[in-house]
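Please look at the sequence and the structure before reading on.

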Amino acid sequence: LLAMTRFYTLAALPLVVTAVSMLYLWTLQAREEAGGLSVVLGGVVAVAVVVWGAALFRLLSEMRAFKGFPTRQGLAQTLRYGWPMIPGFAVGYLSNWGDHLLIKWFFSNREVGLFQAAYQTIIVVLGLATPLTNLLLPRLIDQSVQEPAIGRRYVTRIFPTLMSFWGFMCLPLVALLPDVFGFVFGSAFSDARPIVAALSVAVHFPVRYLVDAV
């Protein structure tokens with residue numbers, strides 16, 4: 001969807017998943033038939049799978065991906081081009097959940113919950129850099145056909161400028177973030193405010209969202 005610049009669809013799908021998931025949870029609560037953790041998580045996961053799966057099926061149908069099979073040369077070229085994504089996703093998964101597992105190993109569920117609230121807050125702030133990737137990726141794809149060295153020029157020229165701009169712009173946000181976190185989450189999560197302050201260091205370096213464009 002990014003490569004095809006279909007930003008409205010890309011923005012609408014997560015909203016649909018969230019809205020349907022909230023409706024499902026509200027229905028369980030209203031009927032007082034939660035049915036345990038498996039029912040709650042199973043329904044939420046099923047909503048995401050159905051919505052994103054239907055969108056993927058429709059997109060592949062529009063691209064006529066189901067007519068014919070790719071050649072061996074095409075598969076080899078795809079694997080050669082995309083294999084770095086596999087270790088990249090693995091490292092991303094470990095970085096997202098490894099800290100939670102370590103905290104659970106040394107502490108308790110309470111500390112995991114405090115860290116998760118602070119961590120998700122930082123993820124939301126880091127997500128503000130996502131539009132940069134959304135705008136740059138289609139142009140990089142188009143220009144890479146005519147200029148194979150565009151990726152190197154992006155890293156050496158455009159990327160440092162974007163990082164400097166982001167660093168200055170997010171300073172007020174980072175300064176106010178612990179107070180905003182305390183106001184939103186209340187006194188029950190007051191012990192998580194120092195965690196928010198510590199994780200705020202990562203807000204200055206949203207490398208993941210900017211490097212994804214390469």
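## Packing of helix 1 and helix 2

The buried residues of helix 2 pack against helix 1. This is seen in a predicted model. The residues of helix 2 that count as buried are Gly 43, Val 47, Val 51 and Leu 59. An α-helix has 3.6 residues a turn, so residues three or four places apart point the same way.

How are two packed helices described? The description uses the angle between their axes and the distance between the axes. Helix 1, residues 7-31, and helix 2, residues 37-62, pack at an angle of about 150 degrees, and their axes are 9 Å apart. Angles over 145 degrees count as roughly antiparallel, and helix 1 and helix 2 are therefore roughly antiparallel to each other. The crossing of helix 1 with helix 2 is right-handed. The residues in this contact comprise 16 nonpolar, two polar and no charged.

Which residues meet? From helix 1 come Leu 13, Pro 14, Val 16, Val 17, Val 20, Ser 21, Tyr 24, Leu 25 and Leu 28, and from helix 2 come Val 39, Val 40, Gly 43, Val 44, Val 47, Ala 48, Val 51, Trp 52 and Ala 55.

| Helix | Residues | Expected span | First to last C-alpha |
|---|---|---|---|
| Helix 2 | 26 residues | 38 Å | 38 Å |

Helix 2 reaches 38 Å, close to the value expected at 1.5 Å a residue.

Just after helix 2, Arg 64 has a positive phi of about 55 degrees.

## A residue in helix 6

Another part of the chain to look at is helix 6, residues 130-146, which contains Leu 140. Is Leu 140 buried or exposed? Buried means under 20% relative accessible area, and Leu 140, at 11% relative accessibility, therefore counts as buried. Gly 151 is 11 residues from Leu 140 along the chain, and the C-alpha atoms of the two are separated by 7.5 Å.

Technical notes. Residues numbered from 1 in each chain as written. Predicted model: local features only at pLDDT ≥ 70, side-chain atom pairs only at ≥ 80, totals over all residues. Heavy atoms only, no water. Axes fitted to C-alpha atoms, helices over the stretch in contact; angles between N-to-C directions. Helix = DSSP H or I, 4+ residues; strand = E, 2+ residues; numbered from the N terminus. Parallel < 35°, antiparallel > 145°, perpendicular 65-115°, else oblique. Left-handed = near helix turned anticlockwise from the far one by under 90°. Contact = heavy atoms within 4.5 Å. Nonpolar A, V, L, I, M, F, W, Y, C, P; charged D, E, K, R; others polar. Buried < 20%, exposed > 50% of the residue type's maximum accessible area, 1.4 Å probe, protein only. Expected span 1.5 Å × (residues − 1).
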